[in-house]
Amino acid sequence: MPVYREVNELPHCGSCGKLVSVGGIRVERLGHPLLFCSERCIEVFDSYKVPKYGEAALWEESIVR
Amino acid sequence: MAVAATSTEIRTDPFLLEIIRNFLITTCKEMGIAMMRTSYSPMFNEALDFSCVVFDGKGEMVAQAPYVPAQIGSTVHVVPTAIAEVGAENLEPGDVIFTNDPYRSNCHLPEFVVVKPYFKDGRILAYTANIAHMTDVGGMVPAAFGDHQNIFQEGIRFPPVKIYERDEEIESVFKILISNVRTPKHSYGDMKAMIGSLYLAERRIDELVTRHGVETFEQCCDDVKLVSERLMRAEIAAWPDGEYEAEGLLEDDGVVPDRPWKIKATLVIRGDELIVDFTGSDSQCFGPANQTFGTTASAAYNAVLHMVSSDIPYNHGCYRPISVIAPPGSFMNVSYPGACVGGNSDTHPTTVDVLLEAFSQFSGRSSAADGGTCGCIGFGGQDPETGEPYAHLHLEGVGWGGRADADGNDVQFVKNGNCANTPVEVAEARYPFLNIEYQLEPGQVGHGKHRGGFGSRRVFRFLADGVHISSHTNRHRVKAWGLFGGGEGTNTILAFRRAGETEWVRAREAFGSASYGKFSNIVMNEGDEMLFVTPSGGGYGEPLERDPELVLIDWRDELLSAEQAREHYGVVIDEAAGSVDAAATEALRSERRGGAGL
């Protein structure tokens, strides 16, 4: 459907988990292209989530398809 | 999610900054007064379940009035999302954006969000926004709260769309909306009241900008946020670095019987920044108790703001040092098409209490858990006089938790809201029921040095056949917890009896629902009655340390008996004299503590 993408087709920020319906920052992390909603969320992912959770820091919902 | 910083230097004269800051807050308050006076539904003009905010041209909140904390916290996310999706470049003067989509950081479907850009010299200088709880949003129950299993059962959902264009209603959007709700006249009138408040705020901001100039206004917006950010960072920096965990349970989801759902929170303090991490919470539930991302972020802000000075101006700057982590598909961040209407009413206050428990590991400002429910009971049917459908959402206060320096509040709306109860006279004039009892529920409370607040007891009698009752309430099984030796609060009771019967029977036994507190469309008829006892709060500190004079006051107020005073507090009351027997009390307390006695 060209005019509307339902929310299950949209990515979530790789750090906070918020739905990112437009925009966002795409970066490579843990071997995947991930979407983040802000620079601050990238910093939290790198400095807190990855050291604490390792591979489990990665959410499928954050991978850019 | 943390919100980004924009500048580092405060440039505005401090007196002017304070004047403009207060002007904007007053504008938000005035928006609310306009809402109260022009809306159709008791949810707005009596319960005050709405919030009014002003954002700057960058899409960052600069002012709010003290209405509903849950709504205000979510606007930090849903308003920028709505603007971004429609596109600021696509907005013109007189446009209004509307959404109620919970997956886009809104709290739940009933929260309707409207946003209006304020233009000056051809560009957007600010946005005025209103988020308000619409009583009915269609779906399978009147007034939205029940035991839904997906978003489609909950009601109609709008992604961000324009509802006004160049000061004209977009008729097609209104048609879709009002043809999908039970109360079209009220819903239309309430929407117009919301949008009217935006126009009012726009006029006030224009007066401000005309008086002080565009440049000063924009600088003030930046500076007021920076002041809040600095104050918030100073508060966080004073807390000891480390990780502090806590867990709590939401007793059920309305679908799976007796299956509690875990909320796990970790506070991570790193210098002047705070991460609130909900990793480890349960997966999303099958019923409507899930939180959206907006609700979870709002609950985190809510808890933090309980822990810091109330002198900090509440705006975007407060939230900058706070990052939230809510895994998608979890109880803390529901994924489509999961239901979520009750996440904002019952899971939110429980989440705040879990966070306060984590804060209690290093801060004396925390409190015991509260009643943990908004007491949402929906009434609906056909008006016996007009034949038109009606929908009414009943809200009820609960007992709050005891705190370091005071008892918990009695029968007050939980921490996520700031709502009033609808006066008995108003409800009875509009809907087919009477309140035949309404009082504090004495004796039942979380005991402590500072006891929890009392809940209430109310009995409704129905005056017509076919009144549909639906509910999303909590603490029927899991009680409010105490802190530092304080006792647990008491349970909610929601029960029914048919006309002529004497025994109260709860929904599970009477109607076969999966839950005592979450169910849909129980039908009451003329003469039937419903009992609603709300939970009390948990106690704070050892009951044996409670000032005997406070126990005496509760006894005089008939909130506890002399026997309960002795049993729970070790206080001996001389009932004939109406005073505390100090010597007997000291002896009894010493004995209870295992001491040597007198």
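Which residue takes a positive phi in the hairpin of E6(B) and E7(B)? Arg166(B) does, with a phi near 50 degrees, and two residues lie between the two strands of that hairpin. The model is predicted, so local features need pLDDT of at least 70 and side-chain atom pairs count only at pLDDT 80 or more, while totals for chains, interfaces and linings use all residues. Residues are numbered from 1 along each chain as its sequence is written, chains are lettered from A and ligands numbered from 1 in the order in which they are written, and side-chain values use heavy atoms, with hydrogens and water left out.

**The sheet of chain B**

- Seven strands of chain B form an open sheet with antiparallel pairing, in the order E2-E1-E5-E4-E3-E6-E7. Strands (E, at least two residues) and helices (H or I, at least four) are DSSP runs numbered from the N terminus, and two strands pair if DSSP finds at least two bridges between them.
- The edge strands, E2 (61–64) and E7 (168–169) of chain B, each pair on one side only.
- Strand E6(B), residues 161–165, is joined to E7(B) by two bridges, and the two run antiparallel.
- Within this pairing, Tyr164(B) stands opposite Glu169(B), and Glu165(B) has Glu168(B) as its bridge partner.
- E6(B) also pairs with E3(B) in the antiparallel sense, over three bridges; there Phe98(B) stands opposite Val161(B).

**Helices across the sheet**

- Helix H1 of chain B (residues 14–38) lies across E1 (50–56), E2 and E5 (123–133) of chain B, at about 145 degrees to E1(B). Axes are lines fitted to C-alpha atoms, for helices over the stretch in contact, and angles run from 0 to 180 degrees between N-to-C directions.
- Helix H6 of chain B (residues 184–212) lies across E1, E3, E4, E5, E6 and E7 of chain B, at about 30 degrees to E4(B).

**The interface of chains A and B**

- The contact (heavy atoms within 4.5 Å) takes 27 residues from chain A and 29 residues from chain B.
- Lys18(A), Arg40(A) and Tyr48(A) supply 28% of the area that chain A buries against chain B, more than any other three residues. Buried area is the accessible area (1.4 Å probe) that two parts lose on being put together, summed over both.
- Four salt bridges cross the interface, a salt bridge being a side-chain nitrogen of Lys or Arg within 4 Å of a carboxyl oxygen of Asp or Glu.
- Arg40(A) and Glu273(B) meet through their side chains in a salt bridge (2.9 Å, N to O).
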